[in-house]
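Hi,

Here is the structure I promised to pass on. Have a look at it first, and then read my notes below.

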Amino acid sequence: MAAYVISEIEVRDLDSMERYRNCAARSIALYGGRYLVRGGPAETVEGGPPAKTLIIVEFPSMARLREWYASAEYAVALNERWNALDRRLIFVEGAAPA
């Protein structure tokens, strides 16, 4: 069953963000992940606060997602992350096929 990483981010430093983004993208691809949403305008229709920048990545399974997050490849990106952005990070399993 697919699993998703949902990130709500606020950029701190543009140069660090670019390095983080490139490194994270390479590591995501290595673990079978793919971007479904990568920034772009977000509209808050109900509730608050206003949406920040959203990123949604799909992985084949929660196990694969967790392998990616704990990987040496992603650790390189995490070193850059602290300077690059503030974020809220959520892991969620997809719905079972009907």
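In which strand does Ser7 lie? Ser7 is part of strand β1; helices (H or I, at least four residues) and strands (E, at least two) are DSSP runs, numbered from the N terminus. Before going on, a word on the ground rules: this is a predicted model, where local features need pLDDT of at least 70, side-chain atom pairs count only at pLDDT 80 or more, and totals for chains, interfaces and linings use all residues. Residues are numbered from 1 along each chain as its sequence is written, and side-chain values use heavy atoms, with hydrogens and water left out.

Back to Ser7. It counts as buried because its relative accessibility is 8% (buried means under 20% relative accessible area, exposed over 50%, partly exposed in between, with a 1.4 Å probe and protein chains only). Leaving aside neighbours within four places in sequence, Ser7 is in contact (heavy atoms within 4.5 Å) with Thr53, Leu54, Ile55, Arg88 and Leu89.

Next, helix α3, residues 72–84. Its 13 residues should span 18 Å at 1.5 Å a residue, and the end C-alpha atoms are 19 Å apart, which agrees (the expected span is 1.5 Å times one less than the number of residues). Tyr74, Ala77, Leu78, Glu80, Arg81 and Ala84 are the buried residues of α3, and they pack against β1 (3–11), α1 (14–30), α2 (62–69) and β4 (85–93).

Last, the largest pocket, with about 280 Å³ of space. A pocket here is an open set of points on a 1 Å grid over the protein atoms alone, where a 1.4 Å probe fits, with protein on both sides within 12 Å along at least five of seven lines; lining residues have an atom within 4 Å of a point. Grid points are joined across faces, edges and corners, and the volume is the space filled by probe spheres set on them. Of the 20 lining residues, Met17, Tyr20, Arg21, Tyr35 and Ile55 are the closest to the centre. Helix α1 supplies the largest share of this lining, 7 residues.

Cheers
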